[in-house]
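Thanks for coming. I will go through one model this morning, residue by residue where that helps, so please have a look at it first.

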Amino acid sequence: MADSAIEVLTRALSGHGINEKAMIDTLGNWDHEHKKLFRIKSSHIFSEDERSFERWQEHAMRLLKHEFMRFKNAVVLWTTHPWERDARLVREALSKGHDSQNINILLEVACTRTSDELLGARKAYHSLFDHSIEEDVASHINAPERKLLFALMSAYRYEGPKYKEEIAKSEAEKLARAIKEAGSKKSSLIEDDEVVRILSTRSKLFLHVLYNHYKKISAGRSIDEDLDWDLKLQDAVLCLANPVKYFTHILEVSLKVDADKKVKKVLTRIIVTRADKDMKEIKIEFKNKFGVSLEEKIESVCNGSYKDFLLTLLARSD
């Protein structure tokens, strides 16, 4: 068997998703010796046992299982009612601890949904799990983020066009002082009562105006740029005031070839949840920032039906 056949299969099994057609076309023509040669040459997948046979490495089997499931998971997520989808995302994040990826799921649901969408997710959570999101956030999150997450999840923001410019400017100045003081000590503001109040009660329009005032006060630096030492608060600010920038950044990270399975999972979640929201703006931001279109990046990194489904969802915003 030519090495090219092994290369075809290796590519089919690598990356985000599985290239089902290439895998079937290649494997369907292999006999026992072909498969043996593949196992010998694929040391990143197989290792020789002490009994002199090539065995699957456990981590490789787990990774492959996840890749096969990506298409199915994307379809399930897409067809689920948005309220149930968010409720289940929150439940899964809470059940798996408070690492960075799970905290980000909670921030996305709390900060990038409309007031009615967040209320709907809370209602769905009641129906599905016989608990409230708020009580589970309070009981499952023991990290410093708990106060902010609880307040964000409990919010029902005003979404009208009215705001007071002078208050937005005053609170931008208040944040600038707090960030400067905390930054000099490298201490977190995520439990600061005033910061939590502003982020969890003000309208998205108000926060966008505040975000712009902050840049004027800080000689062109944005709030998120000044919070590079307080990453979870940085993510919360971006989700609230500049979600397109937030989603663009995490999409780029999720599309790295060497991303681990948790980071890869982000790609499905963002494409599915933003496809009918702000995906057009995200695609523009992605192209401007990274010099390649989101579609081209997915085309080069992803495989098979999973890739095709993601590209179909992206095309909805054209």
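**Ser-317 and its surroundings**

Leaving aside neighbours within four places in sequence, Ser-317 is in contact with Ala-275, Met-279, Lys-280 and Lys-283, where contact means heavy atoms within 4.5 Å. Before I go on, this is a predicted model, in which local features need pLDDT of at least 70 and side-chain atom pairs count only at pLDDT 80 or more, while totals for chains, interfaces and linings use all residues. Residues are numbered from 1 along each chain as its sequence is written, and side-chain values use heavy atoms, with hydrogens and water left out.

Back to Ser-317, which sits in the segment after helix H19 (304-315). Helices here are DSSP runs of H or I with at least four residues, strands are runs of E with at least two, and both are numbered from the N terminus. Is Ser-317 buried or exposed? Ser-317 is buried, with a relative accessible area of 14%; buried means under 20%, exposed over 50%, and partly exposed in between, with a 1.4 Å probe and protein chains only. The side chain of Ser-317 also makes a polar contact, at 3.0 Å, with the side chain of Lys-283. A polar contact is a pair of N or O atoms within 3.5 Å; within protein, one must be able to donate a hydrogen and the other to accept it, and residues adjacent in sequence count only if both atoms are side-chain atoms.

**Salt bridges**

How many salt bridges does the structure hold? The count is 30 salt bridges, each being a side-chain nitrogen of Lys or Arg within 4 Å of a carboxyl oxygen of Asp or Glu. One of them joins the side chains of Lys-277 and Glu-117, at 2.2 Å from N to O. Lys-277 lies in the loop between helix H16 (261-274) and helix H17 (279-290), and Glu-117 lies in helix H7 (residues 115-129), so this pair ties together parts that are 160 residues apart in sequence. Lys-277 is partly exposed at 46% relative accessibility, and Glu-117 is partly exposed at 22%.

Another salt bridge pairs Asp-226 with Arg-221, with the closest N and O atoms 2.4 Å apart. Asp-226 counts as buried at 16% relative accessibility, whereas Arg-221 is partly exposed at 37%.

Then there is Lys-232 with Asp-235, where the closest N and O atoms are 3.1 Å apart. Both residues lie in helix H14 (residues 231-241), three residues apart, about one turn of the helix. Lys-232 and Asp-235 are both buried. Elsewhere, salt bridges that share partners join Glu-171, Lys-174, Glu-194, Arg-197 and Arg-202 into one network.

**Cysteines**

Next, the cysteines. The structure holds zero disulfides, a disulfide being a pair of cysteine sulfur atoms within 2.5 Å. Cys-239 is buried, with a relative accessible area of 1%. Cys-302 is buried too, at 2%.

**Loops**

Now the loops. Asp-130 has a positive phi of about 55° although it is not a glycine. Asp-130 is in the loop between H7 and helix H8 (133-140), and at 67% relative accessibility it is exposed. Lys-186 likewise has a positive phi of about 55° and is not a glycine. Its place is in the loop between helix H10 (165-185) and helix H11 (193-201), and Lys-186 is exposed at 59%.

The loop between H10 and H11 also holds Glu-191, which is partly exposed, with a relative accessible area of 46%. Leaving aside neighbours within four places in sequence, Glu-191 is in contact with Pro-144, Lys-147 and Val-196.

**The largest pocket**

Last, the pocket. Which residues lie nearest the centre of the largest pocket? They are Asn-73, Leu-89, Glu-92, Lys-96 and Lys-265, out of 24 residues that line it. The elements giving two or more residues to that lining are helix H4 (58-79), helix H5 (82-95), helix H6 (100-112) and H16. About 720 Å³ of space lies in this pocket.

For the terms: on a 1 Å grid over the protein atoms alone, a pocket is an open set of points where a 1.4 Å probe fits, with protein on both sides within 12 Å along at least five of seven lines, and lining residues have an atom within 4 Å of a point. Grid points are joined across faces, edges and corners, and the volume is the space filled by probe spheres set on the points.
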